Amino acid sequence: MKYKLTRTQQSWIRWLAVWLASFTAVVVLVPGLLIRTGPGKKPEPAPPAAEQPSAARKQDELLIPVYRAKEKRTERMALEQYVRGVVAAEMPIEFEPEALKAQAMAARTYIVRRLLDGDQSNVPDVNALVTDTISHQAYVTDEELRQRWSDEAFLSRMDKLKRAVEETRDLVLTYQGKPIEASFFSTSNGYTENSEDYWNFTVPYLRSVPSPWDAKLSPRYKETVAFTSKELQRKLGLPGVVPVSAGSPLGIKVIEKSQGKRIKKLSIGGKLFTGREVREKLGLNSSQFQWSWSGGEWRFTTFGYGHGVGMSQWGANGMAMEGRKAEDIAKYYYAGIAIDRASNLLKGKIF
């Protein structure tokens, strides 16, 4: 028996036929690959296994959400683009290529560690992972570099920067299979610092090592700043001014020094401080400092610039000038580490 369609059913069928004819995208399913094709296009087969994207290439597709502090917005950028902007912001482009490469590995390690830990600390936007400030890692765009550098220098410097990142592509610093806390700073006082002597917690690969290159190379190695007695009293929160007798400073006494030759504990005006506290309260370059009283002022002379933990940037440049490779530099300043690939650590992770 034949089934006769009603007029309503015939109308629905005609409408459906028109709709299908106007549908301009066809989804074709082939084993292991979903391909969307436009009108007039034939679906392309999946590339052979040898041409499939590598793990490192897939890792390039990872976007890092960076909070741009001045613009107060979050920008997503490729991992290697982010690393390039960090190296440009954190290390002078005049440094040796191997020093720049060591910096690139440290910068990449920092963000991969943060990504794996889901660490969004000190970020004002819940959609961002990191800021572009020194609270995390400073970052500059290519356009900002174009404005900073002359037209004559831009191309050659950008080429140098890109090579440092490209030649370390995907490389990160690890300890026992995990990304390290890749801390770095500008200039040592001749030694780096044990982590517990500055941060009060022990990290096995952040150990004090000699860094003799800094004193000869860094313009920030030594600096003197002055304070009046009232300024010193106010900044340190002292109950009274620090006494001076016959032109000689009294009331300041070093109690303990660190393995890195910095002041660990001292007494000023009868009040106990850590060297870090005095450095931060007075805005000093380093926690290794000397003091004197001259012309009615307290003069503090510092040696080195920065917290002193991890890789010294000027020390890294000194090592590079002597022919040491980026891997040698990293393994010197971070004791007992290995070098791995970010793509290995990120493999199978969902972000």
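Are R68 and D132 buried or exposed? R68 is buried, and so is D132. Buried means under 20% relative accessible area, exposed over 50%, and partly exposed in between, with a 1.4 Å probe and protein chains only.

This is a predicted model: local features need pLDDT of at least 70, side-chain atom pairs count only at pLDDT 80 or more, and totals for chains, interfaces and linings use all residues. Residues are numbered from 1 along each chain as its sequence is written, and side-chain values use heavy atoms, with hydrogens and water left out.

**The sheet**

An open sheet is built from 3 strands in the order β4-β3-β5, with mixed pairing. Because β4 (73-78) and β5 (130-131) stand at the edges with a single partner strand each, one side of each is left without a neighbour in the sheet. Strands (E, at least two residues) and helices (H or I, at least four) are DSSP runs, numbered from the N terminus. Two strands pair if DSSP finds at least two bridges between them.

Strand β3 (residues 63-68) is joined to β5 by 2 bridges, and the two run parallel. Y67 has T131 in β5 as its bridge partner. Helix α3 (residues 79-90) lies across β3, β4 and β5. Its direction is at about 110 degrees to β4. Axes are lines fitted to C-alpha atoms, for helices over the stretch in contact (heavy atoms within 4.5 Å). Angles run from 0 to 180 degrees between N-to-C directions.

**Salt bridges**

Side chains of opposite charge can pair when their charged atoms come close. A salt bridge is a side-chain nitrogen of Lys or Arg within 4 Å of a carboxyl oxygen of Asp or Glu. The whole structure holds 23 salt bridges.

R68 sits in strand β3, and D132 in the loop between β5 and α5 (142-148), 64 residues apart. A network of salt bridges links R68, R73, E75, D132 and E144.

R341 lies in strand β18 (residues 338-341) and D170 in the loop between α6 (151-166) and β6 (171-175), so this pair ties together parts 171 residues apart in sequence. R341 is partly exposed, at 40% relative accessible area. D170 is buried, at 1%.

R262 lies in the loop between β12 (252-257) and β13 (263-268), and E193 in the loop between β8 (184-185) and α7 (196-199), so the pair ties together parts 69 residues apart in sequence. R262 is buried, and so is E193.
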